Amino acid sequence: MMPAGMPPGLRRRAVLLLLAGAMVALAPALGRAEALVLSLSKSRITITSSFTGDSIVLFGVIEALPGRSTDTPRDVIVTVRGPNESFVTWRKERHFGLWVNVDSRSFLSAPSYLAVLSNRDPAEISDSDTLRQEQAGLTHNRFLQRVGSDYADVVPEDPFRQAFIRVKKAQGLYFEDSAGVTFIAPRVFRAVIPIPGIAPVGTYQVSVKTFLDQHLEAHGLLPLDVTKVDFEQTVATAAQDHPWLYGLASALGALAVGFIASIAFRRD
Amino acid sequence: MPPAPNPAKALAWSDPVTTREGPPARKGAGRMTIYLPIAELPVNIFTLLAMGIAVGFISGMFGVGGGFLMTPLLIFLGVAPAVAVASVSTHMAASSFSGTLNYLRRKQVDKQLALVLLAGGLTGTLAGVLIFMALRRFGQLDLVIAVAYIVLLGAIGLLMVVESLRALARRRRGEPPMVKRPGAHAWFLRMPFKMRFRQSRIYVSVIPVVVIGFLIGLLGALMGIGGGFLLVPALIYLLRVPTLTSVGTSLMLTLATMLAAIIMQAVLNQTVDAVLGLVLMVGGTIGAQFGSRAGQALRAENLRLLLGLLVLAVGLRVAYDQTTRPADLYAVTIDERLP
């Protein structure tokens, strides 16, 4: 644990150093040539009553080991996944003049939030097999569907799959930016991760993959917490842990407001 | 009656999740937003207050809970349907309590009638929840709800508009207003177990009263509404209760069922957002005060005409949404059945 009294700048540098140490130590064991040093501007997004969304900055350094080419530019794909949820996608059709849900597909454990940031179009970074295997790029992510008794992802052209991504994009919970990663030095990059106000609460995974000559070179993972604090947390916990009390308090509160209003506005 | 403990439900005419849009992540922008801890999204506090006042005004004026207006408005703001329905019940409880107190002071609440209605209503709610669950298994719940809205609201709205227009025309021609109880009692009022409801000045069988309560409870649970806008016309036209007493009694019944709904939703679903409810009820109670005054200033025929137009408008809105081609033929909802 870091001493709490350390100034934030120093602390961040210490974190970076520690991370770098860990990465370097792990690198040989993974048989990878390179290591990634990653840091988020904050590791926790706190939701207070004035929360309307936030942005997190990701910094990354690609550490080349001696003897490797350092000139070839690397490609970076950052994928941020929110806690998994199950969704149903419905299709409407017209019957007797009414638009009715006629067909549906269940998407199991799909990320509730999904952001894909890269320094260029993922399609240019590697071949589609590699991209699919690494789940790099929004459309290359796996969206498990329940088909009969089977669980599988389907072809990207599947209308339900496309509709699911389209609707989530329209809500602002899924997005893709092929210019979202910028290199500030040949091997130092940064990316801004926007967290919308409606982002679900939970632990997010920030996954960073670097590619060299179309091949996956390094992979790093960081957690990012989105949590309610203070009053928001108190209310949410009370509703969860003491539902009877919470319900009674809400009912009494409603009666009190109604009563006060009726007294305050009494004319006679 | 307490809205069913299910979410998917309520108002089939808005796609729950496709409309769920929040303000983009802009720092410093929208300073007057407030984050709703259970709904888990930020909303503009003035928008919420204005909605509370507007719906509260209508609720006080006509003695309807306002759920059939407020729930779709909240869903439109991006609140999940389950949270919208549950939180609206706190707003309706506050509004109907302040309204009930107003009508009690003017002795326009028939407590005895409200109790008999409540007895039928609670049974109806139970039946409604069971039917609701069965329909959901078939996957056609949304359609049934939409058709129920169109048929019910269309028919009741039309009935009220036509009747009140006739009454207005009669008054314009200078004829005396129609006698309150024309001809003989309807057959169902002459059934056994007669009871005298002094406040409403009626002497009728309890069977139709309990049946009305049962049906309101059933439809309320099925359609996720308080049922006030169904109850008021039912009391006026079927039981021939005076208009203002109908409104007062309906408010009291709404109060009882909404209190039950708050507890039920809080315990079963944990979907009551107290912050959302508080903002809505502050706006709602203020609106209801002015609404109930406006209602008492209006002639009964005009009041019935306005309520009829409102009910008809909501019915037409549902019909419009169900018959026009949606912008996106696909919609995404959160699957509540799976962990």
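Reader: What should I know about the model and its numbering?

Author: This is a predicted model: local features need pLDDT of at least 70, side-chain atom pairs count only at pLDDT 80 or more, and totals for chains, interfaces and linings use all residues. Residues are numbered from 1 along each chain as its sequence is written, chains are lettered from A and ligands numbered from 1 in the order in which they are written, and side-chain values use heavy atoms, with hydrogens and water left out.

Reader: How many residues of chain A and chain B are in contact?

Author: Contact means heavy atoms within 4.5 Å. Here 65 residues of chain A touch 69 residues of chain B.

Reader: What area do chain A and chain B bury between them?

Author: Interface size is often given as the accessible area lost when the parts come together. Buried area is that loss (1.4 Å probe), summed over both parts. For chain A and chain B the value is about 5,600 Å², with 63% of it on carbon and sulfur atoms.

Reader: How many salt bridges are there between chain A and chain B?

Author: A salt bridge puts a side-chain nitrogen of Lys or Arg within 4 Å of a carboxyl oxygen of Asp or Glu. The count is two between chain A and chain B. One of them is Lys228(A) with Glu40(B), the closest N and O atoms being 2.9 Å apart.

Reader: Which element gives the most to the side of chain A that touches chain B?

Author: Helices (H or I, at least four residues) and strands (E, at least two) are DSSP runs, numbered from the N terminus. α6(A) gives the most to that side, with 15 residues.

Reader: Which strand of chain B is joined to β5(A)?

Author: Strands pair if DSSP finds at least two bridges between them. Five bridges join β5(A) to β5 of chain B (residues 330-334), and the strands run antiparallel. Within this pairing, Phe87(A) has Ile334(B) as its bridge partner.

Reader: Is Lys209(A) buried or exposed?

Author: Buried means under 20% relative accessible area, exposed over 50%, partly exposed in between (1.4 Å probe, protein chains only). Lys209(A) has 11%, so Lys209(A) is buried. Lys209(A) lies in strand β13 (residues 202-212) of chain A. Its side chain reaches the backbone oxygen of Glu134(A) at 2.8 Å. Beyond four places in sequence, its contacts include Asp75(A), Leu216(A) and His219(A).

Reader: What is the secondary structure of chain B?

Author: Chain B has 10 helices and five strands. Of its 339 residues, 58% are buried. Among contacts in chain B with a separation of 6 or more, 78% join residues 24 or more positions apart.

Notes: Buried area is the accessible area (1.4 Å probe) that two parts lose on being put together, summed over both. A polar contact is a pair of N or O atoms within 3.5 Å; within protein, one must be able to donate a hydrogen and the other to accept it, and residues adjacent in sequence count only if both atoms are side-chain atoms.
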